[in-house]
Amino acid sequence: MNDTTMNTPPSHDEAIEATRLWLERAVIGLNLCPFAKAVQRKGQVRYVVSDAQQPLQLHADLVRELELLRDTDPEAVDTTLLIHPFVLADFMDFNEFLEVADAAVADLQLEGDIQVASFHPDFQFEGTAADDITNYTNRSPFPTLHLLREASIDRAVAAFPDAAAIFETNMETLEKLGHEGWRKLFADP
């Protein structure tokens, strides 16, 4: 789905719908994250689109969402996907911003409570070619910061017998699927 190029900027609804489709078909459908299905089914995933066009604006949105997640009952919102289609389109810039995101978590004294995971249309693991299919484990339709509660991760890992094997299993899944299989995931039925 990293081939998502739009001639016009997406509306909030379009960005959320594309992200929801990616979550349902790739992340949950391929079982890339065995913990995602339950929170999605319970409606505990918050989808937020940032209109930020500069990293400083995105930082302000990130802080606001971290505070909201901190102050909200996990039964209502367990995790947040902060979608930002108008800023950090370049993967290297996005990757550098992750230090800013981690600093925001620390500044709010949320280390050990909330962590930030990263997804990007051009995500690339170090040491891989840009078109390596294994990069697609972290490829989303738009740059996205995933805010996760540490307690939820701990519960999920405790319930999953071999959480350490998820990464390797995901690589195998995508290698079997291939680029054509990935494209078919998002073809309209």
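Student: Which backbone oxygen does the side chain of S140 reach?

Tutor: The side chain of S140 reaches the backbone oxygen of F142, at 2.7 Å. Keep in mind that this is a predicted model.

Student: Where is the place of S140?

Tutor: Look in the loop between β3 and β4.

Student: Is S140 buried or exposed?

Tutor: Read the relative accessible area. Buried means under 20%. S140 has 0%, so S140 is buried.

Student: What does S140 touch?

Tutor: Leave out residues up to four places away in sequence. Then S140 touches W22, F119, H120 and P121.

Student: Where does T137 lie?

Tutor: T137 is in the loop between β3 and β4. Apply the accessibility reading again. T137 has 9% relative accessibility and therefore counts as buried. Its side chain reaches the backbone oxygen of T134 at 3.2 Å.

Student: How far apart are T137 and F119 in sequence and in space?

Tutor: They are 18 residues apart in sequence, and their C-alpha atoms are 8.6 Å apart. T137 touches F119, along with L32, F125, N170, M171 and L174, again not counting residues up to four places away in sequence.

Student: Now a helix. What should the 17 residues of α3 span?

Tutor: Count 1.5 Å a residue. Helix α3, residues 55–71, should then span 24 Å.

Student: Which residues of α3 are buried?

Tutor: They are L58, D61, L62, V63, E65, L66 and L69. Note D61 and E65 in that list. The cover over these buried residues includes β1 (45–49), β2, α4 (91–107), β3 and β4.

Student: What volume does the largest pocket have?

Tutor: About 1100 Å³. Of the 42 residues that line this pocket, C33, F35, H146, L148 and I153 are the closest to its centre. Next, ask where the lining comes from. Elements giving two or more residues are α1 (12–28), α2 (36–41), β2 (79–83), β3 (114–119), β4 (144–149), α5 (150–159) and α6 (166–185).

Student: Which element gives the largest share of that lining?

Tutor: Helix α5 does, with six residues.

Student: How many nonpolar, polar and charged residues does the lining have?

Tutor: Sort the residues by class. The lining of the largest pocket has 27 nonpolar, ten polar and five charged residues.

How values were computed. Residues numbered from 1 in each chain as written. Predicted model: local features only at pLDDT ≥ 70, side-chain atom pairs only at ≥ 80, totals over all residues. Heavy atoms only, no water. 1 Å grid on protein atoms, 1.4 Å probe; cavity = no way out; pocket = protein on both sides within 12 Å on 5 of 7 lines; lining within 4 Å. Points joined across faces, edges and corners; volume = space filled by probe spheres on them. Helix = DSSP H or I, 4+ residues; strand = E, 2+ residues; numbered from the N terminus. Nonpolar A, V, L, I, M, F, W, Y, C, P; charged D, E, K, R; others polar. Expected span 1.5 Å × (residues − 1). Buried < 20%, exposed > 50% of the residue type's maximum accessible area, 1.4 Å probe, protein only. Contact = heavy atoms within 4.5 Å. Polar contact = N/O pair within 3.5 Å; in protein donor to acceptor, adjacent residues only side chain to side chain.
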